[in-house]
Amino acid sequence: MQMSDVIADMLTRIRNANNAKHQTVDIPASNMKKAIADILVREGYVKSYEVVDNGNQGIIRVTLKYLPGKGKVIRGIRRVSKPGLRIYASCEDMPSVMNGLGIAIVSTSKGIMTGKEAKAQNVGGEVLAFVW
């Protein structure tokens, strides 16, 4: 079956595994998903990720991160721009997530980056997701 929104699928898998307190979650690989996983690692929301070759497209195995006492690091993760309704933001109108406590993941002409990086590089783009 062909999936229409693979980014929403990735975010939902991470959200569900986080709520169930799993250590890892497997996601079908793509370059965009690798870039999003890289941002989540860089910003400290997940421990790490690795690409596992399974003979087809590969799998991204994301290792989730928890606070001491099994507290969740990812409090919320939400898809913003959907295939049916794309949401774009210029560098001046870049959204702030939870008054600066979260990040916006943005797809720009210079690649996928956080909202703060996009603002610093003076580029706008499609707002993919919010993580807090």
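N99 lies in the loop between β7 and β8, in a predicted model where local features need pLDDT of at least 70, side-chain atom pairs count only at pLDDT 80 or more, and totals for chains, interfaces and linings use all residues. Residues are numbered from 1 along each chain as its sequence is written, and side-chain values use heavy atoms, with hydrogens and water left out. Helices (H or I, at least four residues) and strands (E, at least two) are DSSP runs numbered from the N terminus. N99 is not a glycine, yet its phi is positive, at about 55°. With a relative accessible area of 76%, N99 is exposed; here exposed means over 50%, buried under 20%, and partly exposed in between, using a 1.4 Å probe and protein chains only. M98 also sits in the loop between β7 (88-89) and β8. M98, again not a glycine, has a positive phi of about 50°, and its relative accessible area of 46% makes it partly exposed.

Follow the chain onward into β8. Four bridges join β8 to β9, and the two run antiparallel; strands are said to pair if DSSP finds at least two bridges between them. Together β8 and β9 form a hairpin, with two residues between them. Across this pairing, I105 stands opposite T114 in β9. T114 belongs to strand β9 (residues 111-114) and counts as buried at 4% relative accessibility. Leaving out residues up to four places away in sequence, T114 touches I39, E43, I103, A104 and V106, contact meaning heavy atoms within 4.5 Å. The C-alpha atoms of T114 and S96 are separated by 11 Å, with the two residues 18 apart along the chain.

Three strands make an open sheet in the order β1-β3-β2, with antiparallel pairing. β1 and β2 (46-52) stand at the edges with a single partner strand each, so one side of each has no neighbour in the sheet. On average, neighbouring strands here are turned by 20° against each other, direction ignored; axes are lines fitted to C-alpha atoms, for helices over the stretch in contact, and angles otherwise run from 0 to 180 degrees between N-to-C directions. Five bridges hold the antiparallel pairing of β1 and β3, and the bridge partner of P28 in β3 is I59. Helix α1 packs on the sheet, touching β1 and β3, and its direction makes about 165° with that of β1. Helix α2 packs on the sheet too, touching β1, β2 and β3, at about 155° to the direction of β2.

Finally, consider the charged pairs. How many salt bridges does a search of the whole structure find? The search finds six, a salt bridge being a side-chain nitrogen of Lys or Arg within 4 Å of a carboxyl oxygen of Asp or Glu. One of them joins the side chains of D26 and R61 (2.7 Å, N to O). This pair links distant parts of the chain, with D26 in strand β1 and R61 in strand β3, 35 residues apart. Both ends are partly exposed, D26 at 31% and R61 at 28%.

Another salt bridge connects D38 and R42 (3.5 Å, N to O). Because these residues are four apart in helix α2, about one helical turn separates them. E117 joins D38 and R42 in a network of salt bridges.

R86 and E126 form a salt bridge as well, their closest N and O atoms being 3.0 Å apart. R86 is in the loop between β6 (77-79) and β7, and E126 is in strand β10, 40 residues apart. R86 is partly exposed at 40%, whereas E126 is buried at 13%.
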